[in-house]
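This report describes selected side-chain contacts and the elements that carry them. Please keep the sequence and the model in view while reading.

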Amino acid sequence: IGPRNSLMPIQSLLWDFGDTLCNELSLWQVSPAWMAIYRSFDDADGIGAAWNRGDLDTPEVVDGLAKRMSLTEIEIHEHLARTDLFEFFPFTYAFFRARHLPQAVVTVNPAAFREMAQKLAFDQICETIVVSGEERNVDKGALCEIALQRMTTSFPNEDALLIDNKQSNIDAWASRGGPGYLYTTDRAFERDVAFGIDRLIGH
């Protein structure tokens, strides 16, 4: 794939979720017990990764969590469904909700993320929401292509900007000809986007 034509403006945005729109740990920081579970989530038996791949469903994960905690399965389900605990990055989240361009959320998360996204009304400001647990695929490049295929207007990879906090995800999209912006902090994004969305490429 040849280099992107720098004269062609970005036509769509592909947003990561955790540590890009919000603090990924905010759902787990409510107590030391929850943080302890989070830290051991993949170390012990790979629960988190399997959940994100769709190899485990939410009831199976909750069953595993209930064996490690004093909470009931109902209480764990209720906690995992809470959206009020998310700590969104103020400027970035406001920019996302302003919907400057056709956009999608593309996330490596369990299928249960779909319900959360709907509670947050993401479906009203995004063309589509692509979740790895539903697609049974954690390759961010492949997930981005799925998002473009489902958008109302067809955009080429090279005109769809992925905003993501992980370089490996940026690289996966770049391998398919897509541009990326490596997200670091809310303040850095506010500074960088002030020069225009197209200027995010290369930061």
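The model discussed here is predicted.

**Salt bridges**

The structure holds 12 salt bridges.

| Lys or Arg | Asp or Glu | N to O distance |
|---|---|---|
| Lys-140 | Asp-16 | 3.3 Å |
| Arg-150 | Glu-135 | 2.8 Å |

Arg-150 and Glu-135 form a salt bridge. Arg-150 lies in helix α9 and Glu-135 in helix α8 (residues 132–135), so this pair ties together parts that are 15 residues apart in sequence. Arg-150 is partly exposed, with a relative accessible area of 42%, and Glu-135 is partly exposed too, with 22%.

Is the pair of Lys-140 and Asp-16 buried or exposed? Lys-140 counts as buried at 1% relative accessibility, and Asp-16 counts as buried at 5%. In their salt bridge the closest N and O atoms are 3.3 Å apart. This pair links distant parts of the chain, 124 residues apart, with Lys-140 in helix α9 (residues 140–150) and Asp-16 in the loop between β1 (12–15) and α1 (32–40). Asp-164 is linked with Asp-16 and Lys-140 in a network of salt bridges.

**Strand β1**

β1 pairs in the parallel sense with strand β4 (residues 160–164), over four bridges. β1 also pairs in the parallel sense with β2, over three bridges. Leu-14 takes part in both pairings: this residue stands opposite Leu-162 in β4, and its bridge partner in β2 is Ala-104.

Which residues of α5 are buried? They are Thr-92, Tyr-93, Phe-95 and Phe-96. These residues cover an arc of only 160° around the axis, which puts them on the same side of α5. An α-helix has 3.6 residues a turn, so residues three or four places apart point the same way. The buried residues of α5 pack against β1, β2, α7 and α11 (186–193).

Phe-122 lies in helix α7. At 0% relative accessibility, Phe-122 counts as buried. Leaving aside its neighbours within four places in sequence, Phe-122 is in contact with Phe-17, Phe-88, Tyr-93, Phe-96, Arg-97, Val-105, Phe-113, Ala-117 and Ile-129. Among these contacts are Tyr-93 and Phe-96, which are also among the buried residues of α5. Val-105 is 17 residues from Phe-122 in sequence, and the two lie 8.1 Å apart in space, C-alpha to C-alpha.

**Aromatic pairs**

The structure holds 18 aromatic pairs. One of them joins Phe-17 and Phe-113 in an edge-to-face pair, with 4.9 Å from centre to centre and 65° between the planes. Phe-17 lies in the loop between β1 and α1 and Phe-113 in helix α6 (residues 113–119), so the pair ties together parts that are 96 residues apart in sequence. Phe-17 counts as buried at 4% relative accessibility, and Phe-113 counts as buried at 4% as well. Phe-17 and Phe-113 are also among the contacts of Phe-122.

**Arg-82**

Arg-82 is found in the loop between α4 (73–80) and α5. At 35% relative accessibility, Arg-82 counts as partly exposed. The side chain of Arg-82 makes a polar contact of 2.6 Å with the side chain of Asp-84. Met-116 is 34 residues from Arg-82 along the chain, and their C-alpha atoms are separated by 7.8 Å.

Notes
Residues numbered from 1 in each chain as written. Predicted model: local features only at pLDDT ≥ 70, side-chain atom pairs only at ≥ 80, totals over all residues. Heavy atoms only, no water. Salt bridge = Lys/Arg side-chain N within 4 Å of Asp/Glu carboxyl O. Helix = DSSP H or I, 4+ residues; strand = E, 2+ residues; numbered from the N terminus. Buried < 20%, exposed > 50% of the residue type's maximum accessible area, 1.4 Å probe, protein only. Phe/Tyr/Trp six-rings, centres within 6.5 Å; stacked < 30°, edge-to-face > 60°. Arc of directions from axis to C-beta. Contact = heavy atoms within 4.5 Å. Polar contact = N/O pair within 3.5 Å; in protein donor to acceptor, adjacent residues only side chain to side chain. Pairing = 2+ DSSP bridges.
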